[in-house]
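Please read these notes with the structure open beside you. They go point by point.

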Amino acid sequence: MKEDAITIKAHNKPGVLRDITDMMAKCGINISYTHLFIEKDESASVYMELEDVDDIETLAKNIRTHGNVDNVETHRSLSEIYGKRIIIIGGGAQVAQVAQGAITEADRHNIRGERISVDTIPLVGEHELAEAVSAVGRLPRIGALVLAGSLMGGRITTCIEKIKTEHDVIVISLNMPGSVTEKADLVVTDPVQAGVMAVMAVAETAIFDIKKIGRKKF
């Protein structure tokens with residue numbers, strides 16, 4: 001289904017967002033994604049992705065009539081611009097090597113019209129890594145999670161089990177000690193290759209199905 005995207009800059013006052021969403025609901029518009037944040041000038045900025053919009057420009061014009069709205073802009077959706085996301089979490093050196101493979105492979109597919117982006121965060125510590133893995137389930141457009149470290153298990157493994165149960169996320173792990181490798185969809189020894197395979201697993205322009213691989217470890 002086609003999605004339209006809109007950004008509304010308004011006064012940071014109670015009830016403004018309610019008025020805007022009420023207006024959309026009366027038009028039969030479904031809000032599929034929203035992100036609200038406060039700008040430096042203390043005004044509120046609301047980004048929304050919408051479904052079932054008959055005329056996005058007419059909608060924007062109607063929203064501008066609200067007394068507390070300063071500006072309305074229409075855009076392509078984030079899924080069209082940034083596409084599917086690869087998240088790489090782990091130690092700095094391993095994350096950098098996985099990112100190298102993922103970015104190089106994503107570039108090859110993006111040139112052909114695909115949209116795949118790569119996000120990374122180097123972290124150490126079981127608590128910090130488990131928290132980051134758990135947060136992946138709250139992020140939009142996640143295609144694959146790559147765990148790039150030298151030792152992972154315990155609470156990290158528990159969080160992996162949860163996001164795999166609740167979300168459609170492919171989990172790839174480097175070959176390392178710890179129970180994480182037992183729960184990953186794929187275990188890859190070479191970090192650069194792990195990044196490449198993560199992109200191939202989510203790319204529509206790649207003839208690669210991770211579920212059809214007979215071997216789990218490479």
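1. Is β3 largely enclosed by the rest of the structure or left open? Enclosed: eight of the eight residues of β3 are buried, so the rest of the structure largely surrounds the strand. Bear in mind that this is a predicted model. The burial holds on both faces of β3. One side carries A44, V46, M48 and L50, and the other S45, Y47, E49 and E51. All of these are buried.

2. The chain has eight helices and nine strands. Its C-alpha trace spans about 60 × 40 × 30 Å along the principal axes. Of its 218 residues, 44% count as buried.

3. Neighbours of β3. Strand β1 (residues 4-10) joins β3 through seven bridges, and the two run antiparallel. A10 has A44 as its bridge partner in β3. β2 also pairs with β3 in the antiparallel sense, over eight bridges. There, F37 stands opposite S45 of β3. So β3 has bridges to both β1 and β2, and its eight residues are all buried.

4. The β2-β3 hairpin. Five residues sit between the two strands. Within this hairpin, look at E42: its phi is positive, near 70°.

5. How many aromatic pairs does the count give? The count comes to one aromatic pair. Its members are Y33 and Y47, arranged edge-to-face. The ring centres are 6.2 Å apart and the planes make an angle of 65°. The plane angle qualifies as edge-to-face because the cut-off for that class is over 60 degrees. Y33 belongs to strand β2 (residues 30-38) and Y47 to strand β3 (residues 44-51). The two are 14 residues apart, and the pair links distant parts of the chain.

6. Cover on the two tyrosines. Which of the classes, buried or partly exposed, does Y47 fall in? Y47 is buried, with a relative accessible area of 10%. Y33 is partly exposed at 24%.

7. Nonpolar surface. L17, L36 and I38 make a nonpolar surface patch of about 240 Å². L17 comes from helix α1 (residues 16-26). L17 is partly exposed, with a relative accessible area of 36%.

8. The open sheet. Five strands form an open sheet, in the order β6-β5-β7-β8-β9, with parallel pairing. At its edges are β6 (116-122) and β9 (186-188), each of which pairs on one side only. From one strand to the next, the twist averages 20°. Strand β5 (residues 84-90) is joined to β6 by seven bridges, and these two run parallel. Across this pairing, G90 stands opposite P122 in β6.

9. Salt bridges. The structure holds six. One of them joins the side chains of R18 and D19, at 3.0 Å from N to O. D19 is partly exposed, with a relative accessible area of 28%.

10. E105 forms a salt bridge with R108, and their closest N and O atoms are 2.5 Å apart. Both residues lie in helix α4 (residues 92-111). They are three residues apart, about one turn of the helix. How do the partners differ in cover? E105 is buried, with a relative accessible area of 8%. R108 is partly exposed, at 42%.

11. A bridge between helices. The side chains of E161 and K183 meet in a salt bridge at 3.0 Å, N to O. This pair links distant parts of the chain: E161 is in helix α6 (residues 155-166) and K183 in helix α7 (residues 180-183), 22 residues apart. E161 is partly exposed, with a relative accessible area of 34%. K183 also counts as partly exposed, at 31% relative accessibility.

12. To recap. β3 is the enclosed strand discussed here, with eight of its eight residues buried. Y47, one of those on its faces, takes part in the edge-to-face pair with Y33.

Conventions:
Residues numbered from 1 in each chain as written. Predicted model: local features only at pLDDT ≥ 70, side-chain atom pairs only at ≥ 80, totals over all residues. Heavy atoms only, no water. Phe/Tyr/Trp six-rings, centres within 6.5 Å; stacked < 30°, edge-to-face > 60°. Helix = DSSP H or I, 4+ residues; strand = E, 2+ residues; numbered from the N terminus. Buried < 20%, exposed > 50% of the residue type's maximum accessible area, 1.4 Å probe, protein only. Pairing = 2+ DSSP bridges. Patch = residues over 30% accessible without salt bridge, like charges linked within 9 Å, V, L, I, M, F, W, Y side chains within 5 Å. Areas by Shrake-Rupley, 256 points an atom, 1.4 Å probe, with all protein chains shown as cover. Salt bridge = Lys/Arg side-chain N within 4 Å of Asp/Glu carboxyl O. Axes fitted to C-alpha atoms, helices over the stretch in contact; angles between N-to-C directions.
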